[in-house]
Amino acid sequence: MTDGTATITLSARNLCRHYGSHIAVNGIHLELKRGEVLGLLGPNGAGKTTTMRMLTGNLAPSAGHIEICGIDLLDNPQEAKAHLGFLPEIPPLYQEMTIDEYLLFAAKLHRVDQSMISAALRLAKQRCGLEDRSKRLISTLSKGFQQRVGIAQAIIHNPDVIILDEPTVGLDPNQIREIRSLIRELGTVSSVILSTHILPEVEAVCDRVQIMHKGSLVFDETLTGLQQQGIQLEAAFTQLTHSDE
């Protein structure tokens, strides 16, 4: 949980993305504080993935401004991305590598200092529960452990902002519980954006929730605020995203 004096780690203003005449994202404003876990919700086609691709520098916005730890993402992408960790919905894994080989590769991509690589690998494996599987080929791991490897690559460089797209899709209940616990732990030292379709997941791990619908942000509230107002997240989601089209 964060407070009003916490450092702003990510700021997006008037973020838009157009594909011809189609408006995928329309004037999004988003601010994330250190130590905050933000749940980004929305039905299919709401614009969540497009938004995350822009926030991570993988897609240029049609309009708007993004800063990561005060660094302009468009003007200084390399410097800004050094503060970012990203797990897409399909983890970017090389199945023929061992966990150690892959995380070493990821550390080098993120330009972790050579003198710090061993410690970075050890810490990422410890946080993701991978210590006893270092020499295993990724192809031999269960989906749950492959998700852990995906998260490990996203945090190998100790980023200030971690963006996770559907990190528990396809996992069994035990694996989901373990990943949620890891997300809560990550949120104590970094800022986390969690994109998911699973409302209980947001209620279990997030401090704040934003809901997107048809490319626009239609709701922004803390979980504590929802509880104090007696608002059920499911009811708010259904009301705000219901469409007769």
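Tutor: A term first: contact means heavy atoms within 4.5 Å. This is a predicted model, in which local features need pLDDT of at least 70, side-chain atom pairs count only at pLDDT 80 or more, and totals for chains, interfaces and linings use all residues. Residues are numbered from 1 along each chain as its sequence is written, and side-chain values use heavy atoms, with hydrogens and water left out.

Student: Leaving aside neighbours within four places in sequence, what is threonine 222 in contact with?
Tutor: Threonine 222 is in contact with Asp207 and Arg208.

Student: Which strand is threonine 222 found in?
Tutor: Threonine 222 belongs to strand β10, residues 216-222; strands are DSSP runs of E of at least two residues, and helices are runs of H or I of at least four, both numbered from the N terminus.

Student: What does the side chain of threonine 222 reach?
Tutor: The side chain of threonine 222 reaches the backbone nitrogen of glycine 225 at 2.8 Å.

Student: Now the whole chain. How many helices and strands are there?
Tutor: The chain has nine helices and 10 strands.

Student: And how much of the chain is buried?
Tutor: Buried residues are 50% of the 245 in the chain.

Student: What box do the C-alpha atoms fill?
Tutor: Along the principal axes, the box is roughly 50 × 40 × 40 Å.

Terms used:
Buried means under 20% relative accessible area, exposed over 50%, partly exposed in between (1.4 Å probe, protein chains only). A polar contact is a pair of N or O atoms within 3.5 Å; within protein, one must be able to donate a hydrogen and the other to accept it, and residues adjacent in sequence count only if both atoms are side-chain atoms.
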